[in-house]
Amino acid sequence: MAEFIKGITDMLSGIFTALINALASTGNLIFNIGENGTISGVTGFGWLLIAGISIPLATWLFTKIFSWVKGFARGGSR
């Protein structure tokens, strides 16, 4: 029974180790990480990711604010 539980815990430990290693390599893909673990900047792919998320979000937010101000201007004069 002890060997069975040890096998399961070893398997789960291996899965979590693989996940941690995958996330660490993803961090290296987005950020420049130094030898001591400090983040020294953003990689080229990181800048593309930032632009890909922020430009549509900013456009959506600007449209919502502009339509709110436009509606406020129409309804505020009555």
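In what follows, a residue is buried when its relative accessible area is under 20%, exposed when that area is over 50%, and partly exposed in between, with a 1.4 Å probe and protein chains only. The model is predicted: local features need pLDDT of at least 70, side-chain atom pairs count only at pLDDT 80 or more, and totals for chains, interfaces and linings use all residues. Residues are numbered from 1 along each chain as its sequence is written, and side-chain values use heavy atoms, with hydrogens and water left out.

**Overall fold**

- The protein chain contains two helices and two strands, where helices (H or I, at least four residues) and strands (E, at least two) are DSSP runs numbered from the N terminus.
- Along the sequence, these elements follow the pattern α-β-β-α.
- The radius of gyration of the protein chain, taken over C-alpha atoms, is 24 Å, well over the 12 Å that the globule rule gives for 78 residues, so the chain is more spread out than a compact globule.
- That globule rule is 2.2 Å times the number of residues to the power 0.38.
- The C-alpha trace of the protein chain spans about 80 × 35 × 15 Å along its principal axes.

**Surface**

- Of the 78 residues in the protein chain, 4% count as buried.
- The protein chain exposes about 6,800 Å², of which carbon and sulfur atoms supply 73%; accessible areas come from the Shrake-Rupley method with a 1.4 Å probe, and for residues only the protein chains shown count as cover.
- A nonpolar surface patch is formed by Met-1, Phe-4, Ile-5, Ile-8, Met-11, Leu-12, Ile-15, Phe-16 and Leu-19, which together have about 950 Å² of accessible area.
- Patches are made of residues with over 30% relative accessible area and no salt bridge; like charges are joined within 9 Å, and nonpolar side chains (Val, Leu, Ile, Met, Phe, Trp, Tyr) within 5 Å.
- Leu-12, one of the patch residues, lies in helix α1 (residues 2-30) and is partly exposed at a relative accessible area of 39%.

**Salt bridge**

- The count comes to one salt bridge, defined as a side-chain nitrogen of Lys or Arg within 4 Å of a carboxyl oxygen of Asp or Glu.
- This contact joins the side chains of Asp-10 and Lys-6, at 3.0 Å from N to O.
- Both Asp-10 and Lys-6 belong to helix α1 and are four residues apart, about one turn of the helix.
- Asp-10 is partly exposed, with a relative accessible area of 42%, and Lys-6 is partly exposed at 45%.

**Aromatic pairs**

- Rings of Phe, Tyr and Trp (its six-membered ring) pair if their centres lie within 6.5 Å; planes under 30 degrees apart count as stacked, over 60 as edge-to-face and the rest as tilted.
- The structure holds two aromatic pairs.
- The ring centres of Phe-62 and Phe-66 are 6.1 Å apart and their planes are at 15 degrees, so this pair is stacked.
- Phe-62 and Phe-66 both lie in helix α2 (residues 44-76), four residues apart, about one turn of the helix.
- Phe-62 counts as exposed, at 58% relative accessibility.
- Trp-68 and Phe-72 also form a stacked pair, with 5.7 Å centre to centre and 15 degrees between the planes.
- Trp-68 and Phe-72 are both in helix α2, four residues apart, and both are exposed.

**Hairpin**

- Strands β1 (residues 31-33) and β2 (residues 39-42) run antiparallel and are joined by three bridges; two strands pair if DSSP finds at least two bridges between them.
- Asn-32 has Gly-41 in β2 as its bridge partner.
- The hairpin of β1 and β2 has five residues between the strands, and Gly-37 takes a positive phi near 95 degrees there.
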